[in-house]
Amino acid sequence: MNEMRPVQTIGVAQPLVDGPEKTTGKAMFAADFDTTEALVGRILRAPVAHAHITAMDTSKAEALPGVVAVVTEADCADSYGVLPIAMNEWALARGKVRYRGEPVAAVAAVDVATAQRALDLIEVTYEELPAYFTAEAARAEGAVQLHEEKPGNIERDVEFDLGDVDKGLAEADLVREIDVQCAEVCQVQMEPHAAFAEYDPGREQLTIRPSTQVPYYVHKMLARTLAMADSKIRVIKPHIGGGFGARTETLQSDLIAALLARKARGTVKVVLSREETFITHRGRPESQIKMKVGMKKDGTITAVDFSAIQRGGAYSGYGIVTILYAGSMIYGLYDIVSARFKGCRILTNTPPCGAFRGHGTVKTRFAFENLIDGMATELGLDPFAVRRANLLVAPTMTENDLLVNSYGLDQCLDWAEEASGWKARKGKLGPNKGLGMACSHYISGASKPKHWTGEPHATIHLRLDWDGGITLLTGAAEIGQGSSTVIAQCAAETLGIDLGRIRVIAADSAITPKDNGSYSSRVTFMVGNASIDAAQNLKAKLVEAAARKLEIAPEDVECLGEVYRGGQQDQGLTFDEVAAAALEGEGTITVKGNFDTIPESWGGRKYRGAAIGGTMAFSYAAQVVEVTVDPHTAEITVDKVWVAHDCGKALNPLAVEGQVQGSVWMGMGQALSEETKFHDGLPIAANMLDYRVPTIIESPPIEVGIIEASDPHGPFGAKEAGEGSLSGFLPALTNAVADAVGVRPTELPVTPDRLMELLEKKARDDRAAASTDGGTA
């Protein structure tokens, strides 16, 4: 006889619950929705980078047969933005355009050709202003302000000075500096931005299906832009073809689709072209980072002094948060006591940047890990030994008051060192081949939400009905990262039932509870905990029902998931029988589960903006990269990557491995080839041919080591798994290049032409040194 036990779901590789729809083509993305009466929405974009709009005439477009609606800034009730303190953007430019490609008007027509003809008939008169495409130009004396309320074109500056940096540098045995330049990069998600909006004129209600990671914030910005009551708006998130931060803000296309639908009193679909999607990218900003580090002979870091300048684009977006993360996240990975930071986010006449996977941390981590690797070489220390000399001991609070409750970096280092054969192979691979390593970390959701309402961070509803099935209702946005699967696993494991009993309905504001969205790796930790709480509440009701049916005390009921019994000799009741008993006299059961962060995780108050970085838990990662450099072309080939990621507990090992590999792969693109360039404000690689994302041909084998340093507050001990490994790849690659050819790149991406310049300079310097030595001899 088989022993009865609860079904185990956690820690077991599970196919994603939305996999069948995606693999069979049944999944409906925003652009897939259509009706016979749906109109085509198209956007008119500014052809200049900076100008006053002195006149606009839409009459010819409005008179064109087949045109149903034309909207301009006059149709927008208010500005919008992702942060309450930085809502300075309009769905359609109001009085002034600040980057080339900014929307100025939009039309809804019966077909694409008519919509395009209508755009061509709109007459806009511009009075051009000086335009600034670099942070340096926008900061120059006498530069015209992009926004009247932002003098000097400074979106946000931040400073902190913690510990005693000057003393730490003075006491160091070695002090070195680095100056790194990192290009702006774009997410290049597979699906272009799109929105399908339906307006019901009789009820004055709007239903919209946008390609978004944050349905709740889209809902709020729709209400603000259209001056509509929240209750009159329904936001349904369809399947999403990737996000990576590009959709953590309300996009203009979402708002424009809604404006057009309301004005047309019907249905409008807006689908952006790939070029338009690049313009609306909200990617990682171009950054310059200068850093100085002090180190003892044993590798102990004594102090860090650094600055960061970011080219943020024309509007605030996430800019305030991004520049704060660039400073605060120097902490939390290593035991750093003294650090000084000065950061500045600059407004420029380029498309606004935003939150990209690994938000705010990637370029600071590149500078730091690159610098300390060179210092380790100079001191004759093994890079792994330097990292081990600076490990934290959890639980602890960092100098800037970030809570660290679990810490698996030591285990990550051990795994990466052994798996890569580091000790046996480092320095012995032959000419033009090298090994490099680096570490990284990331938050498991921000402990303070962007819009503080006093509500829990996450809420889950579980509904049990007569059929014995359980419906899980969540506002969390499944964007391909596997969040719906993990949430369902948490509920199934708590109840001890088969995962197939649970049906997930996600992100429909008319049905599901509010959720803040999928960003900053918050869903597994926060929504997973809420799912456990809801399942525990449902389980309590089921135990009570079983106790009544078995005529025993609730505490004597043994719950085996699919069977509830009163002892080993009792055959017990099936789950379906218990469910039926629970519904007696009550009907359909709906329970709620919540999760909130604890005050200790909210970050500090030692400087303005110190709360940014506060989280319930950090993930940790260590990786080794092996490269080959062609000495004739300076082309870099990544031969293999070994990456260990501390995710607390791998709720779904299959999904964790995929997320870690995806993080490394995106880091590889930023390190080797990806770069957003502009010519007079016009993007010159706004397509998937010229913007060089690595293909499967360039993608190396990525061996993943899952490290489980359980977090006391995580769902079954889990932490984030989708972002923390990205930032470590960039310095691991440049450290490997330095090992292979003796030059250390400080500008990203490390394209062959940039590396060749470094190699040629090294050759000249070597010849000069040899000549000097020969002359002296």
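**Cysteines and a sheet**

Analyst: The sulfur of C559 lies 16 Å from the closest cysteine sulfur, that of C490, which is too far for a bond. This is a predicted model. A disulfide is a covalent bond between the sulfur atoms of two cysteines. The cut-off used here is 2.5 Å between the sulfur atoms. C559 is buried, with a relative accessible area of 17%; buried means under 20%.

Now take C490. Its closest cysteine sulfur belongs to C647, at 12 Å, again too far for a bond. C490 is buried too, at a relative accessible area of 0%. The count of disulfides in the structure is 0.

Next, the sheet. Four strands form an open sheet in the order β21-β20-β19-β25, and the pairing is mixed. The edges are β21 (502–506) and β25 (589–595). Each edge strand has a single partner, so one of its sides has no neighbour in the sheet. From one strand to the next, the twist averages 20°.

Look at one pair in detail. β20 covers residues 470–474 and runs parallel to β21, with 5 bridges between them. Within this pair, T474 stands opposite A506 of β21. Strands of a sheet pair through backbone hydrogen bonds, either parallel or antiparallel.

Two helices come next. Helix α16, residues 575–583, packs on the sheet and touches β19, β20 and β25. Its direction makes about 100° with that of β19. Helix α14, residues 483–495, lies across β19 (458–464), β20 and β21. The angle between α14 and β21 is about 140°.

S447 sits in the loop between β18 (433–443) and β19. S447 counts as buried, with 0% relative accessibility. What is S447 in contact with, leaving aside its neighbours within four places in sequence? The contacts are H457, T597, S601, W602, G614, T615 and M616.

To recap, start from the cysteines: C490 and C559 are both buried, and the structure holds 0 disulfides. Then follow the strand order β21-β20-β19-β25.

Definitions and conventions
Residues are numbered from 1 along each chain as its sequence is written. This is a predicted model: local features need pLDDT of at least 70, side-chain atom pairs count only at pLDDT 80 or more; totals for chains, interfaces and linings use all residues. Side-chain values use heavy atoms; hydrogens and water are left out. Two strands pair if DSSP finds at least two bridges between them. Axes are lines fitted to C-alpha atoms, for helices over the stretch in contact, and angles run from 0 to 180 degrees between N-to-C directions. Contact means heavy atoms within 4.5 Å. Buried means under 20% relative accessible area, exposed over 50%, partly exposed in between (1.4 Å probe, protein chains only).
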